Amino acid sequence: MAKKVLVIGRDGQLGQSLELCTQNVLEPVFEFVGRSDMDLTQPKQIQAFFQNRQFDYIINCAAFTAVDKAEEASDLAEAINHRAVKQIAQIAKKTDTVLIHISTDYVFDGTQCRPYVESDATNPLGVYGETKLKGEQAIRLVKPLGCIIRTSWVFSQFGNNFVKTMLRLSQQQDMLKVVGDQIGSPTYAVDLANAIITLISHYEKHSMKPEMTVYHFSNEGVASWYDFACAIFELAGLENHVVPIESSEFPTVAKRPFFSVLNKRKIKESFDLSIPHWRKSLGRCMEQLQKTV
């Protein structure tokens with residue numbers, strides 16, 4: 001019997017990227033669900049969804065990711081990023097299902113000067129990071145099979161993201177001011193989706209029941225948001241003038257970590273992954289965006 005994989009968060013960047021990457025995959029069988037199928041703010045709906053369904057894998061890429069809005073809607077962020085995650089972990093544990101849960105670099109405070117490894121101390125700066133960390137902690141306490149994958153600065157041809165925002169603003173302004181003192185690693189959602197598929201293939205090939213662990217995944221290379229914006233305009237052939245500014249000149253409701261580069265050695269060595277540089281993947285993303293214009 002073909003293995004079954006449930007993807008929670010069908011309408012997000014990673015959910016849509018997973019759907020793209022599994023279009024021609026015959027086995028395992030992927031099922032994608034969104035909020036209309038299972039509202040993560042409603043525990044009874046979550047329980048009812050799993051009542052008569054059994055899966056071999058659950059990929060949870062659903063989250064409340066609006067960093068600034070989370071400060072004002074903390075209960076909603078708590079419900080989706082923590083309480084629903086705990087419930088899903090409990091269901092996975094009870095049914096012996098492998099859970100692959102997506103988390104974030106925002107669990108760190110950004111005060112470090114070297115890439116963060118999985119065991120580094122966490123210290124989120126805002127509600128988004130706090131609730132995502134609570135979700136991680138809940139999974140670790142429940143201890144289902146599987147892993148937590150922290151990622152950062154996700155972009156793709158799907159949904160709302162920095163790449164699309166920059167391209168939209170380029171149509172409205174000749175000069176753009178972009179923060180230059182926050183450093184991280186952009187992540188192409190399609191590359192992350194392919195990495196998750198590789199993990200599942202590895203588990204299946206080796207008949208593994210993986211003990212819960214944490215991995216970091218992003219594209220290779222580092223950048224500031226300013227560097228990222230310059231690369232977007234360069235690849236798009238646009239001549240907009242980009243000016244780097246300090247975070248203090250662009251105040252936001254929620255604080256962001258100044259340095260959130262993730263060390264990816266663990267996931268690369270564990271699954272023999274080769275990860276592209278973010279600029280190369282940005283080029284692939286831009287090609288896909290141009291096809292939709």
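This is a predicted model: local features need pLDDT of at least 70, side-chain atom pairs count only at pLDDT 80 or more; totals for chains, interfaces and linings use all residues.
Modeller: Residues are numbered from 1 along each chain as its sequence is written, and side-chain values use heavy atoms, with hydrogens and water left out.

Biologist: What makes the chain as compact as a globular protein of its length?

Modeller: The chain holds 10 helices and 12 strands, where helices (H or I, at least four residues) and strands (E, at least two) are DSSP runs numbered from the N terminus. Its radius of gyration, taken over C-alpha atoms, is set against the globule rule, 2.2 Å times the number of residues to the power 0.38. The chain's value is 19 Å, close to the 19 Å that the rule gives for 293 residues, so the chain is as compact as a globular protein of that length. Along the principal axes, the C-alpha trace spans about 55 × 40 × 35 Å.

Biologist: Why is Pro124 called buried, and why is Pro115 called partly exposed?

Modeller: Buried means under 20% relative accessible area, exposed over 50%, and partly exposed in between, with a 1.4 Å probe and protein chains only. Pro124 has 16%, so Pro124 counts as buried, whereas Pro115 has 33% and is therefore partly exposed. Pro115 lies in the loop between β4 (98-104) and α5, and Pro124 is found in the loop between β4 and α5 as well. By this definition, 52% of the 293 residues of the chain count as buried.

Biologist: How do you know that Pro124 touches Tyr106?

Modeller: Contact means heavy atoms within 4.5 Å, and, not counting residues up to four places away in sequence, Pro124 touches Tyr106, Val107, Phe108, Gly129, Glu130 and Leu133. With those up to four places away again set aside, Pro115 touches Asp120, Phe259, Val261, Leu262 and Asn263.

Biologist: What makes a set of residues a nonpolar core?

Modeller: The set must consist of buried Ala, Val, Leu, Ile, Met, Phe, Trp, Tyr and Cys residues joined through side-chain atoms within 4.5 Å. Of the 31 residues in the largest such core, Leu6, Ile8, Met38, Leu40, Ile46, Phe50 and Ile58 touch the most other members. The elements that give two or more residues to this core are β1 (4-8), α2 (43-50), α3 (67-72), α4 (74-95) and α5 (127-142), and α4 gives the most, with 8 residues. A second, separate core of 29 residues includes Leu14, Tyr57, Leu199 and Leu273. In soluble globular proteins, nonpolar side chains tend to be buried together.

Biologist: Why are Ser207 and Asp272 called exposed?

Modeller: Ser207 has a relative accessible area of 66% and is therefore exposed, and Asp272, with 71%, is exposed for that reason too. Ser207 lies in the loop between α7 and β10 (213-216), while Asp272 lies in the loop between α9 (265-271) and α10 (278-292).

Biologist: What is the phi of Ser207, and what is that of Asp272?

Modeller: Ser207 has a positive phi of about 50° although it is not a glycine, and Asp272, not a glycine either, has a positive phi of about 55°. Most residues other than glycine have a negative phi.
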